[in-house]
Amino acid sequence: MVAGAEGCEQGCEQGCEQGCEHYRRGCRLRAPCCGKLYPCRLCHDGAEEHQLDRFRVSEVQCVRCRLLQKAQQRCEGCDSLFGEYYCDICHLFDRDKKQYHCKECGICRIGPKEDFFHCSKCNLCLSLSLRGKHKCIENVSRQDCPICLEDIHTSRVGAHVLPCGHLLHRPFCPLSGRGYRCPLCMHSALDMTRYWRQLDNEVAQTPMPAEYQNMMVEILCNDCNARSTVQFHLLGMKCQNCESYNTAQDGRCRLSLEEQ
């Protein structure tokens with residue numbers, strides 16, 4: 001599990017008294033780029049043809065008394081609370097969801113902080129359950145999700161770490177309906193052991209026609225990267241190193257010596 005960026009995954013409750021569909025807050029941000037007032041950076045980016053730099057926000061307007069003032073947690077005019085949580089770096093105002101600012105990520109994350117650690121190689125916050133148990137890929141979160149093609153690092157939608165170390169947005173995991181392999185490296189993203197043994201039985205019970213029975217092929221395993229020479233079969237060809245059927249033909253078919 002990857003720590004989600006600030007904000008809730010599905011937006012705040014519809015009809016909340018303050019804020020927008022993205023955040024619950026008592027102020028509007030004055031965009032440093034165009035000077036316009038918006039409930040949040042996402043509302044701004046959806047309406048304008050440029051993006052709001054959250055780190056440059058310096059002024060907010062109280063939604064209660066309409067006073068324009070410096071960015072801070074409480075209104076200096078009517079003492080209204082702009083947000084249960086406030087980050088003076090990201091200028092994030094929201095209700096309390098155990099957020100914390102990660103200096104290494106450069107943004108706020110949804111916590112609680114004690115349940116996550118920052119992996120310096122992957123360069124993102126991961127669940128403590130993954131400490132020492134995940135494959136590191138340098139700056140992996142700086143890649144877009146390979147399915148929806150949206151940014152992962154600053155996304156408000158959580159991400160899932162695959163066994164190969166690559167990330168997918170959580171709604172796309174498990175990969176049901178999209179195959180069982182990572183879209184980037186083709187490594188098995190699920191535990192396929194049970195299915196491979198089932199495929200063993202199906203291959204054994206499905207003899208190939210006589211003209212194919214002695215045909216050998218070279219295969220490359222997507223799981224262990226080993227190369228093997230095995231008998232050709234339409235149902236699948238098993239890696240001789242790790243016994244995975246997640247393989248691809250790597251060369252021409254050829255007959256065994258006694259048939260040549």
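Phenylalanine 232 is buried, with a relative accessible area of 14% (buried is under 20%, exposed over 50%, partly exposed in between; 1.4 Å probe, protein chains only). The model is predicted, so local features need pLDDT of at least 70 and side-chain atom pairs count only at pLDDT 80 or more, while totals for chains, interfaces and linings use all residues. Residues are numbered from 1 along each chain as its sequence is written, and side-chain values use heavy atoms, without hydrogens and water.

Rings of Phe, Tyr and Trp (its six-membered ring) pair if their centres lie within 6.5 Å; planes under 30 degrees apart are stacked, over 60 edge-to-face, and the rest tilted. Tyrosine 180 is in the loop between strand E12 (167-169) and helix H2 (193-204), and tryptophan 196 is in helix H2, so the pair ties together parts 16 residues apart in sequence. Helices (H or I, at least four residues) and strands (E, at least two) are DSSP runs, numbered from the N terminus. Tryptophan 196 is buried at 7% relative accessible area, whereas tyrosine 180 is partly exposed at 21%.

Another pair, tyrosine 212 with phenylalanine 232, is tilted: the centres are 6.0 Å apart and the planes 40 degrees. Tyrosine 212 is partly exposed, at 33% relative accessibility.

Ring pairs also link Tyr180, Tyr195, Trp196 and Tyr245 into a cluster.
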